[in-house]
Amino acid sequence: MAEALDDFSKASELLEKEEYFEIYNEENGLKNNYKINPHYKSTVSIKELKKSKPIPFDDKDTLIALRPCNVGQGRWYVYSVITKRSFYTSISDYKWLSEYQSGKMDVVRANDIIHVNLQCNIVKYGNKTLKNINSVITKVHNIERSTFMTEDDQVNLF
């Protein structure tokens, strides 16, 4: 995947402002076109990625929801209080997810605090840069409402 993103990044330099990438996917009779930002720049060095050894992380974490995804098994953009990094993650706690998406719980908003068990790999790029990759929330323990942002400010984040 990183190699494909690197190719997109290099190829985007050849595009005119009006041009863009599309990925065409057809599964089970459904046709989907995914438009990719023509100004996309990959921040992952393929050479560094191949050299790096991922460090597994499987423990409790406290996350701040930056961009929750309230449908399907979409990716949530979160900030980890433990690792001090922002990243995308998915939720594999299907019991919690089904209750949440069926409306039995309040909606998670930006800046709400989520106590979870998190599995991911931490990869070091170059000298200092650390990234959380392949992250999955395996268990959601509880949600704390944000008390430092009004609902209007939360809406303005989007």
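Which backbone nitrogen lies 2.8 Å from a polar atom of the side chain of Asp112? Select Asp112 and look around its side chain: the nitrogen belongs to Arg109. Bear in mind as you go that this is a predicted model.

**Stop 1: the loop you're in**

Asp112 sits in the loop between α3 and β6. Is Asp112 buried or exposed? Its relative accessibility is 2%, so Asp112 counts as buried. Now select Asn111, which lies in the loop between α3 and β6 as well. Asn111 counts as buried too, because its relative accessibility is 11%. Check its backbone while you're there: Asn111 isn't a glycine, yet its phi is positive, at about 75°. Most residues other than glycine have a negative phi.

**Stop 2: zoom out**

Colour by secondary structure and you'll see 4 helices and 7 strands. Followed along the sequence, they run α-β-β-α-β-β-β-α-β-β-α. The protein has 158 residues, and 30% of them are buried. Its accessible surface is about 10900 Å², with 51% of that belonging to carbon and sulfur atoms. Of the contacts with a separation of 6 or more, 57% are between residues 24 or more positions apart.

Next, colour by confidence. The average pLDDT is 76, and 60% of the residues score at least 70. Where is confidence lowest, and where is it highest? Helix α4 (residues 151-156) has the lowest mean, 56, while strand β4 (residues 76-80) has the highest, 91.

**Stop 3: the core**

Select Trp76 and Ile114. These two touch the most other members of the largest nonpolar core, which has 19 residues. Which elements each supply at least two residues of this core? They are β3 (55-67), β4, β5 (86-91), α3 (94-101), β6 (113-125) and β7 (129-144). The largest share comes from β6, with 5 residues.

**Stop 4**

Then go to Cys120, which is buried with a relative accessible area of 4%.

**Stop 4: along β4**

Ser80 is in strand β4. How accessible is Ser80? Its relative accessibility is 0%, so Ser80 counts as buried. Show its side chain and you'll find a polar contact with the side chain of Asp61, at 2.6 Å. Not counting residues up to four places away in sequence, Ser80 touches Asp61, Thr62, Leu63, Arg85 and Phe87.

**Last stop: out to the surface**

Finish at Lys84, in the loop between β4 and β5. Is Lys84 buried or exposed? Lys84 has a relative accessible area of 54%, so it is exposed. Lys84 isn't a glycine, but its phi is positive, at about 60°.

Notes
Residues numbered from 1 in each chain as written. Predicted model: local features only at pLDDT ≥ 70, side-chain atom pairs only at ≥ 80, totals over all residues. Heavy atoms only, no water. pLDDT = per-residue confidence, 0-100. Core = buried A, V, L, I, M, F, W, Y, C linked by side-chain atoms within 4.5 Å. Buried < 20%, exposed > 50% of the residue type's maximum accessible area, 1.4 Å probe, protein only. Contact = heavy atoms within 4.5 Å. Areas by Shrake-Rupley, 256 points an atom, 1.4 Å probe, with all protein chains shown as cover. Polar contact = N/O pair within 3.5 Å; in protein donor to acceptor, adjacent residues only side chain to side chain.
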